[in-house]
Amino acid sequence: VKYWWLKVISRLFCITGQQLSLKILPHTHFSCLLFFYLYLFFGRPGEQKHLKELPSLQWMHLAVVACGNRLEETLIMLKSAVLFSYRKLKFHIFAEDSLKPEFEKKLREWPSSYTKKFDYNLYPIAFSVGNAQEWKKLFKPCAAQRLFLPVILKDVDSLLYVDTDVLFLRPIDDIWRFLKEFNSTQLAAMAPEHEIPKIGWYSRFARHPYYGTTGVNSGVMLMNLTRIRNTQFKNSMIPAGLMWEEMLYPLYQKYKNYITWGDQDLLNIIFYFNPECLYVFPCQWNYRPDHCMYGSNCKGAEEEGISVLHGNRGVYHDDKQPTFKALYEVIRDFPFEDNLFQSLYYPLQSKFLDTVHTLCGRIPQVFLKQIEKTMKKVYENRVIVHMGANYRY
């Protein structure tokens, strides 16, 4: 009711759009409203509106580790982070020396309207205890670096770590809020490795302790680093507790012949002995092919849509899961200065039509629901800011 005038004008623009033979989404009111937003803020092709500076709020810290051929994946992940987030981001990029110049070059090429939303630091790959080469080759190249983040980033209180093959479909602000839901003992958050124990990997094959009934996946890991640094962890090596850094290498030495997934297995072992320290967030915050390739089994995603997409198994780069690949390619190809609706959402819908022969492709609403909500919020916020700036009492 408060914004009744938006509905009236949007209907007029919708009629105009239909007369111009523009594509309109099945959700008519949402389509009309978005068409009006696009005209209001982007006007005719070539027109640009300047957005207000972001308020100076507390940084949200995002860490990633990139080695080998992971440059493009990492940049697309970072791009998805800045597209939708509201508060400023601080990127902590751990990379091999050969990749650092490329990161600097590519990030400098991004338009200022987006570079003002984040800052970044580049770090070398470094392991503070044990054999560095042994750590570096654990599971995937450099993946074990995440275990040392609390030790290296001593001035950072809280941090979101993600694998390079992650895409954000909603603002990072939303997953950051889980930190406020931690109780007094919780210091990290991860999603379950699987939703169904009888077909989960850990419940069938693990030869070591793991968290809960299905284990947890470390591809998306929210951490209170201050608590991790100050906690003594129960373990299977000595009766007394051990600090994080002094526990890592002895733990690896004890279980190295029994682990398959490297650092993720070590984290599962740690939280098996310290379950009170872990907050478990729902599967839609770390949605992987396993959640749909055998049939849909993530109820949270069915209800709310996917919040964070995790394209493990290399699915962005082959044709085994074209729905995941479509999302990756659309975000990769999206021109920063274009409008989201026309240059991201429509191409995504079109690509999804070619994926309906797969089990994941049969549930496009799961992939589109959250990103549609996110885009709607972006445009609504811009309308309110625009009207507020021009309204005079």
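Predicted model: local features only at pLDDT ≥ 70, side-chain atom pairs only at ≥ 80, totals over all residues.

**Strand E1 and its partners**

I began with strand pairing: E1 and strand E2 (residues 89-95) run parallel to each other and are joined by seven bridges. For pairing I went by DSSP, which has to find at least two bridges between two strands. Helices (H or I, at least four residues) and strands (E, at least two) are DSSP runs too, numbered from the N terminus. Between E1 and E2 the chain passes through helix H3 (residues 71-84), and this β-α-β crossover is right-handed. Right-handed here means that, with the strands pointing away from the viewer, the path from the first strand over the helix to the second runs clockwise.

Residues are numbered from 1 along each chain as its sequence is written, and side-chain values use heavy atoms, with hydrogens and water left out.

Next I followed Leu62. In E2, Phe91 stands opposite Leu62. In strand E4 (residues 158-162), which is parallel to E1 and joined to E1 by two bridges, the bridge partner of Leu62 is Leu160.

**How covered is E1?**

I checked burial, taking buried as under 20% relative accessible area, exposed as over 50% and partly exposed as in between (1.4 Å probe, protein chains only). Seven of the seven residues of E1 are buried, so the strand is largely enclosed by the rest of the structure. One side carries Met60, Leu62, Val64 and Ala66, the other His61, Ala63 and Val65, and both faces are covered.

**Ala66**

I then zoomed in on Ala66, which sits in E1 (residues 60-66). Its relative accessible area is 0%. Which residues does Ala66 touch, beyond those up to four places away in sequence? I found Thr74, Phe94, Ala95, Glu96, Leu99, Phe103 and Thr164, counting a contact as heavy atoms within 4.5 Å. Ala95 is 29 residues from Ala66 in sequence, yet their C-alpha atoms are 4.8 Å apart.

**Helix H12 and H11**

Helix H12 (residues 263-273) is mostly covered, with nine of its eleven residues buried; among them are Asp263, Asp265 and Asn268. I looked at its packing against helix H11 (residues 244-255): the angle is about 110° and the axes are 11 Å apart. Axes are lines fitted to C-alpha atoms, for helices over the stretch in contact, and angles run from 0 to 180 degrees between N-to-C directions. That makes H11 roughly perpendicular to H12 (under 35 degrees is roughly parallel, over 145 roughly antiparallel, 65 to 115 roughly perpendicular, the rest oblique). On the H11 side the contact uses Trp244, Met247, Leu248, Leu251, Tyr252 and Tyr255, and on the H12 side Leu266, Leu267, Ile269, Ile270 and Phe273.

**Helices H14 and H15**

Helix H14 (residues 322-333) packs on helix H15 (residues 340-352) at about 155°, with axes 10 Å apart. The two are therefore roughly antiparallel. Residues in this contact include Leu327 and Val330 of H14 and Leu344 and Leu348 of H15.

**The whole protein**

Last, I noted the totals. The protein has 16 helices and eleven strands, and buried residues make up 54% of its 393 residues. Of the contacts with a separation of 6 or more, 73% are between residues 24 or more positions apart.
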